[in-house]
Every structure is written in structure tokens, then in C-alpha cells.
Amino acid sequence: KLGVVAWLYPVVFLGMLALTLGASLFLCALVVFFSDLNYIWGVFCRLLFFLTPVFFSADIAGDGAARWLLELNPLTQLIGVARQVLLYGGPVGAGQVALALAGPVLVLLFGALVFRAARAKIPDYI
């Protein structure tokens, strides 16, 4: 049943890898300077858990602020593509895949920029 669109599922994993690596680089750079960031990150992860449409569809949010928050979540588009590929067997447009990868790539670039900027100062604080 997966057929032609099965090749898109590894793309979802690449998006997750980019998102994870970007967030890790960001946190690696800033936790050295701000030790309380661990607590803030815990709250952020809890919010991200509830704002990620894994067990519900993003369509139930309507058109208000909840829908806006869901659309800002980079995981929403990735999960949408994965759901379309695995559960429904496609079709998935190139624009939808590009939109799903845009958020993780931006997070990866931002994390790499923050880490690169802080890299020289990290040994002084350790």
C-alpha cells in the first residue's frame, strides 16, 4: 500500500534529525552560560508535547490562536507528512514536504549559529 510515496518517510526522519541536532547545538551552547535553562527547557518540552498533533489532527484546532500555535510548531508539518505517507499512502506534494523540512532546517541553522558564536567562550565558563 505504501508504494511510490514510501521514499518520503526517510525524509521525515531527516527532518527530525535536523530538528534534534539544531536544538541540541542551541542547548549545548547556552546551558554553559545559563544553568537554569534546564528548568525552562523542561517546561518548553511539556508545552511542545501538548502542542504537537500526534494523537489528534491539527484540523480540530479551528482558525484561532490554537491553530496558529500548532502551525508554529515545526513538528506539526513533519507529523502531517508522516501521517499522510504511512496511514493514507499519499499523495504528498513537494510543497508540503518542503514546508515540513523548512522548520527543522531553520532550527538547525539557528542552533549552529548560536553554537558557533558561543564556541570560543565555552572553555572559559567550564
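**Exercise 1. Which residues in α4 meet which residues in α5?**

*Solution.* The model is predicted: local features need pLDDT of at least 70, side-chain atom pairs count only at pLDDT 80 or more, and totals for chains, interfaces and linings use all residues. Residues are numbered from 1 along each chain as its sequence is written, and side-chain values use heavy atoms, with hydrogens and water left out.

Step 1. Helices (H or I, at least four residues) and strands (E, at least two) are DSSP runs, numbered from the N terminus. Contact means heavy atoms within 4.5 Å.

Step 2. List the two sides. From α4 come P74, Q77, L78, G80 and V81, and they meet Q96, L99, A100, L101, G103 and P104 of α5.

Step 3. Sort the residues by class. Ala, Val, Leu, Ile, Met, Phe, Trp, Tyr, Cys and Pro count as nonpolar, Asp, Glu, Lys and Arg as charged, and the others, Gly among them, as polar. The contact of α4 with α5 holds seven nonpolar, four polar and no charged residues.

**Exercise 2. Describe the geometry of the packing of α4 and α5.**

*Solution.* Step 1. Two packed helices are described by the angle between their axes and the distance between the axes. Axes are lines fitted to C-alpha atoms, for helices over the stretch in contact, and angles run from 0 to 180 degrees between N-to-C directions.

Step 1. For α4 and α5 the angle is about 145 degrees, and the axes are 8 Å apart.

Step 2. The crossing of α4 and α5 is left-handed, that is, the near helix is turned anticlockwise from the far one by less than a right angle (clockwise would be right-handed).

**Exercise 3. State the secondary structure and the extent of the protein chain.**

*Solution.* Step 1. The chain has six helices and zero strands.

Step 1. The C-alpha trace spans about 55 × 30 × 20 Å along its principal axes.

Step 2. Of the 126 residues, 28% are buried; buried means under 20% relative accessible area, exposed over 50%, and partly exposed in between (1.4 Å probe, protein chains only).

**Exercise 4. Characterise the lining of the largest pocket.**

*Solution.* Step 1. On a 1 Å grid over the protein atoms alone, a pocket is an open set of points where a 1.4 Å probe fits, with protein on both sides within 12 Å along at least five of seven lines; lining residues have an atom within 4 Å of a point. Grid points are joined across faces, edges and corners, and a volume is the space filled by probe spheres set on the points.

Step 1. The largest pocket has a volume of about 350 Å³. Of its 16 lining residues, L19, A23, W41, F44 and V107 are the closest to its centre.

Step 2. α1 (8–31) gives the most to this lining, with six residues. By class, the lining has 12 nonpolar, four polar and no charged residues.

**Exercise 5. Is L51 buried or partly exposed, and where does L51 lie?**

*Solution.* Step 1. L51 is in the loop between α2 and α3.

Step 1. L51 is partly exposed because its relative accessible area is 29%.

Step 2. Leaving out residues up to four places away in sequence, L51 touches L69, L70, N73 and T76.
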